[in-house]
Amino acid sequence: MISPDASTVARPDAEVVELCSELIRIDTSNYGNDDGPGERDAAEYVAAKLDEVGIESQLYESEHRRTTLIANWEPEGCDPSLPPLLLHGHLDVVPAARDQWSVDPFAGEIKDGCVWGRGAVDMKDFDAMMLSVIRDRVRTNRPTRRPIRLAFTADEEAGSVKGAVWLVENHPDTVADCKEAIGEVGGFSITIRDDLRLYLIQTAEKGIAWLKLIADGHAGHGSFRNDDNAVTELASAISRIGNYQWPNRLAPAQQAFLENVSEALEVDLDYDDVEPTLRKLGSISRMVGATMANSANPTMLESGYKVNVIPSQATAGVDGRFIPGYEEEFFSTIKELIGEKVRYEMINRQPAVETEFAGDLVTAMQAAIGSEDPHGKAIPYLMSGGTDAKGWARLGITHLGFAPLKLPAELDFVSMFHGVDERVPTASLEFGARVFDHFLEQA
């Protein structure tokens, strides 16, 4: 165990690059089924790093090797009367096809000023930040204002069912005393000009509705007429869903984001046509544009076993996402689009979540960003994807996405999420660790 030493100079960013690289080397690919290595090895790695500085942790498994780690740090000098702040990051990553990458996606290679590999931005970068900052604070005897609860979870990339959701359903006592949580996806910068960078804080995220569409019909010979063809019915439903233009719906977080962007760009915003404004943001417009409306994208099709046999059933997968406050509208629209001859089963349904962009945590975030980037401004945004926040919300825990990164203006950051040659600049990682350290000073 490393003993605290108040005389040691604080270096919260000293090992963040190394930690990120080492985490990437642990393959935690989540295929969304029973395949894959699980998160056990990564959880044991994190446990060992925490144990080195005297922080004990517990491992919980929903299934064999589907592992979530929970640790409590209540340093002398913090205020134990305050509820713990939940800091969370997931350990699993989406799979990577090695032959498509220019580097080994699980080598954690450091080159061209970046850490390369699957999970570099989603989200072993923030896992590394948390470890680097907490370990440094223990070494230098710098307590946080309040107790810290750490959660490194399984299965986030498949909807958190075997991770955060499982934990709150089976071991709610591990986090139930927390009221607020900090995790992904937020805190990254958009450069507007040399003297202004916007740091997007995730205050809301769309809900998830993963659907299995099912069409039943009469089986028969492929050469016969068939007025009850399951494939035809399903194809029509999929076409209607895929081509439907969902109306724009503004959640409070989205409206606040657009207002801040409009002010920063010094343009008038037309809420009926926001695309020209969004395009000025570059690649980030793809992420933000996806939060202007509910969405439903057909992603999978399955039917039949032989070309001359009309099957009795055809199925499809649809990735549905709904804006906070518009869940009912989403499902009523889907029901209308699929028609009377197609039904759906729910694969995964998670709520939309939203947190007010106000309070002590937001104040601490802005101050922390300003300490390292005097031209930085924190603003809220609505994220199109989903995070473990949906699991914590079941216990009433509010969430803010704050994994701070000061990014090069030319980097197509959005393409890094689940993309080929995923990477994060080492300078951005070190910046993030320093900012997060400042944040914990006040949070």
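**View 1. Salt bridges across the whole structure.** A search of the entire structure turns up 31 salt bridges, where a salt bridge means a side-chain nitrogen of Lys or Arg within 4 Å of a carboxyl oxygen of Asp or Glu. Please keep in mind that this is a predicted model, in which local features need pLDDT of at least 70 and side-chain atom pairs count only at pLDDT 80 or more, while totals for chains, interfaces and linings use all residues. Residues are numbered from 1 along each chain as its sequence is written, and side-chain values use heavy atoms, with hydrogens and water left out.

**View 2. The salt bridge between E15 and R139.** Here E15 pairs with R139, and their closest N and O atoms are 3.2 Å apart. E15 sits in the segment before α1 and R139 in helix α3, so the contact ties together parts that are 124 residues apart in sequence. Helices (H or I, at least four residues) and strands (E, at least two) are DSSP runs, numbered from the N terminus. E15 counts as buried, with 13% relative accessibility. For all the views, buried means under 20% relative accessible area, exposed means over 50%, and partly exposed lies in between (1.4 Å probe, protein chains only).

**View 3. The salt bridge between R118 and E422.** The side chains of R118 and E422 meet at 2.7 Å, N to O. This pair links distant parts of the chain, 304 residues apart: R118 belongs to the loop between β5 and α3, and E422 to the loop between β18 (398-401) and β19 (423-425). R118 is buried at a relative accessible area of 4%, and E422 is buried too, at 1%.

**View 4. The network around D136 and R142.** D136 forms a salt bridge with R142, in which the closest N and O atoms are 2.7 Å apart. Salt bridges with shared partners join D136, R137, R142, D437 and E441 into one network. Within this group, both D136 and R142 are buried.

**View 5. Two cis peptide bonds.** D122 and M123 are joined by a cis peptide bond with omega of about -10 degrees. M123 lies in the loop between β5 (114-116) and α3 (124-139). The bond from E184 to V185 is also cis, its omega being near -15 degrees. V185 has its place in the loop between β7 (180-183) and β8 (188-193).

View 6. Most residues other than glycine have a negative phi. N141, although not a glycine, has a positive phi of about 55 degrees. You will find N141 in the loop between α3 and β6 (148-153), where N141 is partly exposed with a relative accessible area of 45%. S160 is another residue other than glycine with a positive phi, in this case near 70 degrees. S160 is part of the loop between β6 and α4 (164-170) and counts as buried at 3% relative accessibility.

View 7. E18 belongs to helix α1 (residues 16-24) and is partly exposed, with a relative accessible area of 46%. From C-alpha to C-alpha, E18 and G108 are 9.0 Å apart in space, while 90 residues apart in sequence. G432 belongs to helix α12 (residues 426-442) and counts as buried, at 0% relative accessibility.

View 8. D270, D272, D273 and E275 form a negative surface patch. Patches are made of residues with over 30% relative accessible area and no salt bridge, with like charges joined within 9 Å and nonpolar side chains (Val, Leu, Ile, Met, Phe, Trp, Tyr) within 5 Å. D272 lies in the loop between α6 (252-265) and α7 (275-279) and is exposed, with a relative accessible area of 73%. In an unreviewed entry, UniProt lists residues 203-340 as "domain: Peptidase M20 dimerisation"; such annotations may be inferred rather than shown by experiment. The span of residues 203-340 is 37% helix and 26% strand, and its end C-alpha atoms lie 38 Å apart.

Technical notes:
Accessible areas come from the Shrake-Rupley method with a 1.4 Å probe; for residues, only the protein chains shown count as cover. Lys and Arg count as positive and Asp and Glu as negative; His and the chain ends are not counted. The place of a charge is taken as NZ of Lys, CZ of Arg, CG of Asp or CD of Glu.
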